[in-house]
Amino acid sequence: MTPTASRLETLPRAELEQLQLERLQALLVRLKRNVRRYREKLAGQRVESLADLARLPLTTPEDMAESFPYGMFAFPLREVIRLHTCVGPDGRPLIIGHTRNDLAQWSRLAARQLAACGVTANDVVQICLGSGSALGASGYLLGAELIEASVIAEDPNHVDYQLEMLRNYRPTVLVTTPSHAHDLTRLLDERRMDPQAFHLRTVLLSRPVDRPTRDAISARLLTPVRCSFGLGEVLDPGLCVECDHGHFHVQEDHFLVESVDGELVLTTLMREAMPLLRYRTRVACELQRDKCPCGRTGIILKPGTRLDRRLHVNEIPLYESQIAGVLAQTRVAGQPFETQARERSLIIRVQMTSELFSDTIWVIEKLRNDIQSEFLSRLGVEADIRFVEPRSWPASGQRPPP
Ligand SMILES: [Zn+2]
């Protein structure tokens with residue numbers, strides 16, 4: 001079945017921009033009235049056209065972290081009915097809130113994304129995003145319920161059970177993380193299982209992956225793979241998903257999108273509890289206004305790399321400052337290191353000094369185990385610690401320039 005786009009996704013450009021302008025003007029009124037941080041910054045600012053957006057102040061992830069926990073909220077806490085946390089700059093926590101109306105809007109946006117992937121009321125949808133993505137799971141659940149698909153209300157905690165669920169529940173749509181999809185394909189190989197025993201017809205990944213990874217998942221599960229792109233602190237899912245033609249169309253009736261010096265900057269037009277004005281996402285991007293055969297008129301976003309040295313390991317976002325912070329608690333404190341994120345583990349190469357060096361293997365092993373335990377308990381990630389010869393790296397515990 002060809003996924004159909006809703007009326008709001010296919011608005012003629014002029015009509016869409018008029019709607020955006022009205023929503024932006026209403027947003028500014030709400031921000032000035034209800035959020036102290038914006039009240040000061042927006043004093044005397046008026047918006048007569050969308051071009052005026054570029055004159056408005058930017059919001060940074062640091063602004064959000066400094067306003068922790070509720071300083072960015074535009075609604076009183078008693079009207080906020082759902083709270084969740086996400087990772088902010090340098091691993092600092094952020095709290096995101098939703099009013100009842102926010103959840104209703106979110107379910108519509110998530111439903112549009114699922115519909116763009118061809119999900120209908122006839123589908124059995126399994127949402128398997130793991131404990132680190134509870135936010136994403138609740139968004140997809142809202143969307144799938146609105147579509148009236150059958151949702152499997154169980155998140156398998158290990159991949160063997162996942163294979164059993166694919167056989168028993170016969171989901172036709174699997175919403176999952178790239179890490180989990182990777183584990184699934186690996187286990188299929190190990191068990192020599194035939195994916196034709198499953199009933200999957202779409203896999204939706206919670207974040208974009210490179211072409212070889214996508215092709216490998218698609219080939220092994222014998223199903224097309226789509227990717228979604230979003231940000232937990234803004235909305236994820238709900239920002240954009242790939243259409244049939246591989247384009248990430250931003251849901252522009254809800255988000256204004258800009259590229260400021262190549263960085264994706266987002267304004268939430270409809271969020272009540274926690275609206276954001278010109279939020280610097282720290283993600284590189286390209287924006288295209290090309291016409292797409294799918295009929296959606298939303299701008300096409302090409303998400304790029306993170307601009308803030310944030311890594312993802314096992315779907316956990318990690319900043320280099322956090323990694324340095326854990327190493328600082330160990331005997332290799334201050335030693336130069338470099339990191340490499342793998343799907344399930346973090347490789348850390350640490351320079352070995354003559355003071356740390358021992359020709360007794362168990363001493364080195366103990367040091368390695370101690371560091372690994374620190375990473376597991378403090379950041380929840382498996383660290384693969386490798387000691388390397390001193391090189392001409394910077395003097396204090398920072399990664400050398402790439
Ligand atoms: Zn399209």
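The dialogue below goes through some features of this structure, from the whole chain down to single residues.

Me: What kind of model is this, and how are residues numbered?
Reply: This is a predicted model, in which local features need pLDDT of at least 70 and side-chain atom pairs count only at pLDDT 80 or more, while totals for chains, interfaces and linings use all residues. Residues are numbered from 1 along each chain as its sequence is written.

Me: How many helices and strands does the chain have?
Reply: Helices (H or I, at least four residues) and strands (E, at least two) are DSSP runs, numbered from the N terminus. The chain has 10 helices and 18 strands. The radius of gyration is taken over C-alpha atoms, and the globule rule is 2.2 Å times the number of residues to the power 0.38. For 402 residues that rule gives 21 Å, and the chain has 23 Å, close to it, so the chain is as compact as a globular protein of that length. Along the principal axes, the C-alpha atoms fill a box of roughly 70 × 60 × 40 Å.

Me: What share of the residues counts as buried?
Reply: A residue is buried if 20 or more other C-beta atoms lie within 10 Å of its own, exposed if 12 or fewer, and partly exposed in between, with C-beta atoms placed from the backbone. In this chain, 36% of the 402 residues count as buried.

Me: What share of the contacts joins residues at least 24 apart?
Reply: Two residues are in contact if their C-beta atoms, placed from the backbone, lie within 7 Å. Among contacts between residues at least 6 apart in sequence, 67% join residues at least 24 apart.

Me: Into which domains is the chain divided?
Reply: Domain bounds come from an automatic or database domain assignment. Here domain 1 covers 7-308 and domain 2 covers 311-388. Their C-alpha centres lie 32 Å apart. Each domain gives 9 residues to the contact. For residue classes, Ala, Val, Leu, Ile, Met, Phe, Trp, Tyr, Cys and Pro count as nonpolar, Asp, Glu, Lys and Arg as charged, and the others, Gly among them, as polar. On the side of domain 1 that touches domain 2 there are 1 nonpolar, 7 polar and 1 charged residues.

Me: At what angle do helix H4 and helix H5 cross?
Reply: Axes are lines fitted to C-alpha atoms, for helices over the stretch in contact, and angles run from 0 to 180 degrees between N-to-C directions. Angles under 35 degrees count as roughly parallel, over 145 as roughly antiparallel, 65 to 115 as roughly perpendicular and the rest as oblique. The axes of H4 (residues 100-116) and H5 (residues 134-147) cross at roughly 75 degrees and come within 7 Å. H4 is therefore roughly perpendicular to H5. Residues in this contact include Leu103 and Trp106 of H4, and Tyr140 and Leu142 of H5. By class, the contact has 11 nonpolar, 4 polar and 1 charged residues.

Me: How do helix H6 and helix H7 pack?
Reply: The axes of H6 (residues 159-168) and H7 (residues 178-191) are 10 Å apart, at an angle of about 80 degrees. These two helices are therefore roughly perpendicular to each other. From H6 the contact takes Val159, Asp160, Gln162 and Leu163, and from H7 it takes Asp183, Leu184 and Leu187. They divide into 4 nonpolar, 1 polar and 2 charged. Arginine 186 also lies in H7. It is partly exposed, with 14 other C-beta atoms within 10 Å.

Me: Which residues are joined by cis peptide bonds?
Reply: The angle to read is omega. A cis bond joins phenylalanine 68 and proline 69, with omega about 0 degrees. Proline 69 is in the loop between helix H3 (61-66) and strand E1 (80-87). Another cis bond joins aspartate 236 and proline 237, where omega is about 5 degrees. Proline 237 is in strand E8 (residues 235-241).

Me: Where are aspartate 90 and aspartate 261?
Reply: Aspartate 90 sits in the loop between E1 and strand E2 (93-99), and its phi is near 55 degrees, a positive value in a residue other than glycine. With 17 C-beta neighbours inside 10 Å, aspartate 90 counts as partly exposed. Aspartate 261 is in the loop between strand E10 (255-260) and strand E11 (263-268). Its phi is also positive, near 50 degrees. Aspartate 261 is exposed, with 8 other C-beta atoms within 10 Å.
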